Amino acid sequence: MPDESAPEPSAPKGEPPGSDWAAYYRSTIGREPRPLFVKGMAAVEAAGLEPGQAIEIGFGDGRETLALLQTGWRVLAIDPAPAAAEVLHSQVPDHVAGRLEIRSMPAEDADLLPFDLLYAGYSLPFLGADAFDRFWSAVRDRLRPGGILIVNFFGPRDSWAGREGMRFIDVDEVRRLVNGLELLALDEEDQDGNSFLGPKHWHVFDVIAQQPHR
Ligand SMILES: C[S@@+](CC[C@H](N)C(=O)[O-])C[C@H]1O[C@@H](n2cnc3c(N)ncnc32)[C@H](O)[C@@H]1O
């Protein structure tokens, strides 16, 4: 394990199944919002999308959900780890709490509300293939006209590729998943880096895509 008191600026970002998520959240709490989230919110602003209903999948320490609440969004925050809900609850200011719903359950089992924005950072690879297909079908069904997806996926050259219960997809599959949406950004990271558990190769696709207005 790396020295947690001096994490690399780019780490930690994601862990394989079976990780001690509570320890992970303790190491990430207080961090800056992820670069994908920052870029995605700039795209949301550029698109003129007003704060409405957002969903965050795998919110972890809650940093991005808190940022959404602070900018006026209603947020449905979904993460199966009970520790995530505890960490998020402890940070939510009273004046925004009425716009937050937390569900401690796997995303694939959640009944999604119609939504305008979905953010999922380093969480969708933790849905196995069947679970992901079910979840993504609900996402495409519930995304409102003009709504924006801000998500990432792990690629086949990631160090964790092949791990049971995780999903790794290539760029063709990424493009297939957003077929019919306007692809606002598709960035690929394919380089060695660090994680909470030590050095690894990151192969990550960052995606920002918008549902056409009718
Ligand atoms: C690597 S952490 C990322 C947390 C946070 N988004 C961040 O960037 O720090 C992955 C998160 O996905 C959550 N997760 C795992 N399986 C999930 C599932 N089936 N549905 C929703 N979230 C899941 C984990 O509990 C964990 O909080």
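Let me start with R175, which lies in helix α7, where helices (H or I, at least four residues) and strands (E, at least two) are DSSP runs, numbered from the N terminus. With 15 C-beta neighbours inside 10 Å, R175 counts as partly exposed; a residue is called buried if 20 or more other C-beta atoms lie within 10 Å of its own, exposed if 12 or fewer, and partly exposed in between, with C-beta atoms placed from the backbone. Between the C-alpha atoms of R175 and Q191, which are 16 residues apart along the chain, the separation is 21 Å.

Residues are numbered from 1 along each chain as its sequence is written.

On confidence, pLDDT is the predictor's confidence in each residue, from 0 to 100, and the chain averages 92, with 91% of the residues scoring at least 70. Over residues 1-13, however, pLDDT stays under 50, and the model has 22 contacts beyond four places in sequence for that stretch, a contact meaning that the C-beta atoms of two residues, placed from the backbone, lie within 7 Å. Where pLDDT is low, the predicted coordinates should not be read in detail.

Now to the chain as a whole, whose secondary structure comes to 7 helices and 7 strands, and which, read along the sequence, follows the pattern α-α-β-α-β-α-α-β-β-α-β-α-β-β. The chain is as compact as a globular protein of 214 residues, because its radius of gyration is 16 Å, close to the 17 Å from the globule rule; the radius is taken over C-alpha atoms, and the rule is 2.2 Å times the number of residues to the power 0.38. Taken along the principal axes, the C-alpha atoms fill a box of roughly 50 × 45 × 30 Å. Of the 214 residues, 36% count as buried, and of the contacts with a separation of 6 or more, 74% come from residues 24 or more positions apart.

Leaving out residues up to four places away in sequence, L149 touches L118, L143, V207 and A209.

V207 also brings us to A185, which lies in strand β6, residues 182-195: the two are 22 residues apart in sequence and 5.6 Å apart in space, C-alpha to C-alpha. A185 is partly exposed, because 14 C-beta neighbours lie inside 10 Å, and, with residues up to four places away in sequence not counted, A185 touches K39, A43, D206 and I208.

Turning to helix α3, residues 63-70, we find that 6 of its 8 residues are buried, namely R63, E64, T65, L66, L68 and L69. Just after α3, G72 takes a positive phi of about 100 degrees.

Y122 sits in the loop between β4 (115-120) and α6 (129-142), and counts as buried because 20 C-beta neighbours lie inside 10 Å.

Another loop residue is D158, placed between β5 and α7 (171-177). Is D158 buried or exposed? D158 is buried, because 21 other C-beta atoms lie within 10 Å, and beyond four places in sequence D158 touches F168, H201, W202 and H203.

Finally, there is the ligand, which 23 residues surround, the closest being G58, G60, P106, A107 and S123; a residue is near a molecule if its C-beta atom, placed from the backbone, lies within 6 Å of it. This shell divides into 12 nonpolar, 6 polar and 5 charged residues, with Ala, Val, Leu, Ile, Met, Phe, Trp, Tyr, Cys and Pro counted as nonpolar, Asp, Glu, Lys and Arg as charged, and the others, Gly among them, as polar.

Conventions:
This is a predicted model: local features need pLDDT of at least 70, side-chain atom pairs count only at pLDDT 80 or more; totals for chains, interfaces and linings use all residues.
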